[in-house]
Amino acid sequence: MTRYIIRRLLQAIPLLLLISLILFVLMEEMGDPLATFGGRRVLRSEDRIRLTRQLGLDKPIWVQYVVWLAGNDWMKIDLDGDGLSESYGTRRGVLRGDFGMSFVTRRPVIDMIAERLPNTLLLMLTSEVVILVLSLLIGVTSALKQYSVYDHAVTAFSFIGYSMPIPLLAIGLMYLFAVNFKRWGLPYFPTVGIFDPAVGRTVPQVIWHMVLPVAALSTISIAAYGRYIRASMLEVINQDYIRTARAKGLRERTILYRHALKNAALPLVTLVGLDLPMLLGGAIVTEGIFAWPGMGRLFIDHTVRSDFPVLMGILMMISVAVVIFQIITDITYTWLDPRIHYD
Amino acid sequence: MKNVCWSRLTVWVMLVALLVPLLAACAPTPTPVAPAATPAPPTPVPPTATPARLKVVTITFTQEPDNLNPLYTSMWFALTLRDLYLADGLLTYNDKNEPIPWIAREIPTLENGGISADGKTITYKLRDDVRWSDGTPLTADDYVFTWQMIMSDKNTVQSRDPFDVAVDKVEAQDPHTLVVTFKEPYTPWQAKIFSNVNATNALPKHILEPVFQKDGTLDNADWNRNPTVGVGPFLFKEWESGSHLIFEANPDFWLGRPKLDQIFIRIVPDDAAQVAAIKAGDSDIGVFIAYSDMPDLEKLGTLDLVKQSSGYKESWFFNLSTREDKTRGHPALQDPNVRRAIVMAVDRDKICQDLLYGRTKPAITFWDGTPYANPDIQPIPYDPEGARKLLDEAGWKVGADGIREKDGVKLKLRYATTTREVRRNTQVIVQQMWKEVGIDTELINHSPDIFWNSYGDGGPIATGGYDVAEWSTCPAFPDPDTATWRCKEIPSDENPAGENWQFFCDKELDELFAKQATAVDTKARIQLFYQIAKIISDKVYWVSVWDDPDWWSVSKKLQNVRFSGATPFWNAYEWDKVE
């Protein structure tokens with residue numbers, strides 16, 4: 001198994017380099033980072049020429065990629081625009097742990113991501129746990145009670161939930177539980193943010209502010225996952241080995257969780273394995289609406305301004321996470337299904 | 001097998017650990033598919049119960065400032081915040097968009113000797129009672145240092161405007177006398193030289209000079225993000241990226257301690273969420289409120305909707321090019337009376353009523369909302385009968401198909417604008433109204449990312465692909481200057497960045513613009529702009545469809561909140577909150 005993991009990790013290195021190259025080329029096509037430098041006006045051409053030079057945007061794309069990858073502290077650059085390269089750069093490059101400087105904030109990309117990542121993980125992992133617990137509960141129970149009133153009700157709610165556009169759901173929840181509940185004198189939730197400035201950033205405040213975004217984020221996935229689990233449970237509980245287990249006289253609980261659910265969970269593991277790395281990217285829409293300071297907001301704010309050092313940082317982080325979670329998923333298969341071997 | 005047990009145990013431990021805080025959070029979730037989550041919520045403290053009541057004003061911003069060092073940003077939201085924590089401009093602007101002295105004791109004029117006779121030297125007398133929040137006095141040296149930092153090649157500052165093109169040198173004659181010498185007389189000095197408007201507020205030399213000497217640049221200075229040392233009515237306390245910024249009252253502010261204790265800026269990127277937050281009372285001040293949200297907000301009775309001009313006017317521009325190339329406009333537009341008729345045929349007040357809820361009106365001059373607006377100019381009235389008469393007189397007679405024509409040329413205008421919804425709706429209404437008087441229209445829409453491209457970049461408007469074009473624009477607000485109608489700005493292959501997209505040269509107008517550009521004395525300059533506006537109005541070179549101010553929502557709990565279009569929070573020290 002160890003050899004397998006090492007082999008997979010080694011294979012990932014050329015893959016990640018290729019991904020970074022493709023992303024970098026696509027970034028160049030995305031837009032002009034200087035386009036928004038003038039604020040409400042157009043940037044003067046004097047400033048445009050100077051900034052293009054100072055930020056290294058006048059270099060050919062392969063040079064920019066090499067600088068991004070390996071830094072420019074080993075090559076001379078021209079700061080004052082006299083055509084002579086007189087001083088060394090200051091970047092060290094991704095390979096040496098320097099993800100570059102944001103064009104927009106002039107801050108290290110790594111710091112900007114580090115600020116946002118905990119907020120996103122708090123929100124996304126909470127949602128993911130809510131999703132898994134509730135969808136397992138719903139999926140299993142409705143499979144066991146197939147075609148009952150409960151099953152039909154869950155099916156109906158799942159379709160409504162699944163077809164709900166997330167902006168509508170988020171704004172709807174906000175209006176019902178924050179705006180209108182307050183007006184009606186009921187206990188209400190806050191609209192936006194992660195805490196109330198008059199109270200300060202306390203644990204109950206953050207949990208209280210998390211309720212609506214988590215609800216908005218999980219509803220759709222609960223509906224979808226619940227359907228998957230129900231379908232694969234139905235398939236499994238009609239298998240011969242379940243009948244055999246019953247014939248052996250095993251307890252129903254053991255049959256359900258040890259034999260049925262474990263096998264039914266394989267497709268779910270695949271789904272979650274693909275989902276988890278994406279959680280790092282945050283939720284663009286939900287974070288925007290509830291003003292949650294996460295990665296999705298960072299990504300969209302800096303996409304609008306074509307700030308590609310930041311975008312490259314986020315996308316590469318997600319790429320690495322995808323590779324790692326794929327390996328973890330493959331390993332989890334061997335635990336769930338002993339028939340799978342990699343050695 | 002051992003491994004399996006271990007991993008299963010870990011999974012359960014992790015699940016339990018995650019679930020504990022979670023049950024509290026998700027219990028009252030209103031998800032329709034949550035029959036299991038029935039236990040009553042552990043009744044968290046209602047968010048309104050606070051121990052000690054601070055006077056906090058919460059302001060929602062739809063964009064996050066990028067940098068708090070004025071040299072490194074040109075974002076409107078960052079500029080607006082500087083009135084709170086930095087506010088060390090020599091001049092600032094009040095709610096009439098007039099310049100008023102701020103750190104300068106008075107506005108330099110010819111009479112008080114602040115402006116030299118040749119108009120090239122301006123001397124500012126600084127207040128001597130202003131201190132940075134760490135006790136260091138604010139002196140002329142801070143301004144000189146700022147100028148040096150703007151001009152240094154080591155700093156990737158956003159803009160060097162106007163120091164690279166107009167300024168010869170900046171000197172501190174003594175700690176409280178600052179002398180700025182220009183290459184040529186430079187009229188926009190009020191707004192652009194160390195004022196609170198332009199990104200040229202003074203930096204704290206005693207903090208940043210050591211940083212520059214150590215790092216060789218200010219690009220990565222900690223102060224850019226944590227400007228804890230300032231001179232404004234409020235002091236920077238914290239900035240959590242993506243979430244909020246906090247500013248606290250400056251007890252030693254030179255005009256006295258502000259009445260509020262804290263200003264809390266919350267970043268709410270979604271417009272609909274901002275409106276919900278305002279409705280729920282979670283935001284005391286909101287900005288860039290959309291017209292469509294105003295009726296609902298007003299109904300609440302808890303807030304006022306306040307407008308303030310920052311110079312923008314939704315405008316019509318006529319293509320007056322007679323060049324024998326692709327820029328050529330419709331020949332009918334050469335006649336000022338035809339242009340007048342085109343405007344008279346449109347009920348612009350009705351457009352404002354129907355599309356903008358009657359909350360704005362057509363602007364009368366390009367400088368409305370500033371001291372440079374000529375009060376004697378009369379707007380062009382809605383008069384379809386008069387329009388028909390003018391068109392008949394100009395020789396454009398109604399043809400068999402109901403469309404006017406002259407010498408075999410149909411009066412069909414290409415009406416171009418962006419893809420914005422309100423503009424599309426305007427196009428449709430205007431098309432109907434023009435049809436009434438016999439003008440045919442071809443509607444053209446371009447996405448905003450190409451609409452404003454220059455002549456050199458093949459922009460559809462800059463290369464004359466229109467007869468009437470609509471967009472929102474402003475002068476160099478709060479300075480009245482503009483390049484829009486200068487002869488030398490007509491775009492061509494030799495001048496690909498030219499800004500006169502109407503391709504016309506009116507010698508009289510051009511001379512007046514040249515004259516105002518050296519009229520350092522404000523009174524004389526205002527008179528010149530009165531004349532300029534008269535020519536533009538008489539010859540119908542430019543028409544406003546509606547005035548395009550910035551809209552704010554202000555909670556009725558707040559007092560003395562008066563925005564300026566140039567420096568919005570200029571009087572934040574006077575704001576108060578009454579529960």
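**Exercise 1.** Find the hairpin that joins β5(B) to β6(B): how many residues does it run through?

*Solution.* Keep in mind that you're looking at a predicted model. Start with strand β5 of chain B, residues 167–174, and then go to strand β6 of chain B, residues 177–182. The hairpin gets from β5(B) to β6(B) through two residues. Next, check the pairing: the strands run antiparallel, with six bridges joining them.

**Exercise 2.** Work out which element gives the largest share of the side of chain B that touches chain A.

*Solution.* First get the overall count: 63 residues of chain B are in contact with 72 residues of chain A. Here, contact means C-beta atoms within 7 Å. Now list the elements of chain B that each supply at least two residues to that side: α1 (2–26), β1 (56–61), β9 (262–267) and α7 (271–279). The largest share comes from α1(B), with nine residues. Finally, sort the side of chain B that touches chain A by residue type, and you get 33 nonpolar, 16 polar and 14 charged.

**Exercise 3.** Describe chain B as a whole, starting with how many helices and strands it has.

*Solution.* Count the elements first: chain B has 15 helices and 22 strands. Then look at its extent, where the C-alpha trace spans about 95 × 75 × 55 Å along its principal axes. For burial, 47% of the 579 residues of chain B count as buried. Last, take the contacts in chain B between residues at least 6 apart in sequence: 67% of them join residues at least 24 apart.

Terms used: Residues numbered from 1 in each chain as written. Chains lettered and ligands numbered in written order. Predicted model: local features only at pLDDT ≥ 70, side-chain atom pairs only at ≥ 80, totals over all residues. Contact = placed C-beta atoms within 7 Å. Helix = DSSP H or I, 4+ residues; strand = E, 2+ residues; numbered from the N terminus. Nonpolar A, V, L, I, M, F, W, Y, C, P; charged D, E, K, R; others polar. Buried ≥ 20, exposed ≤ 12 C-beta atoms within 10 Å, placed from the backbone. Pairing = 2+ DSSP bridges.
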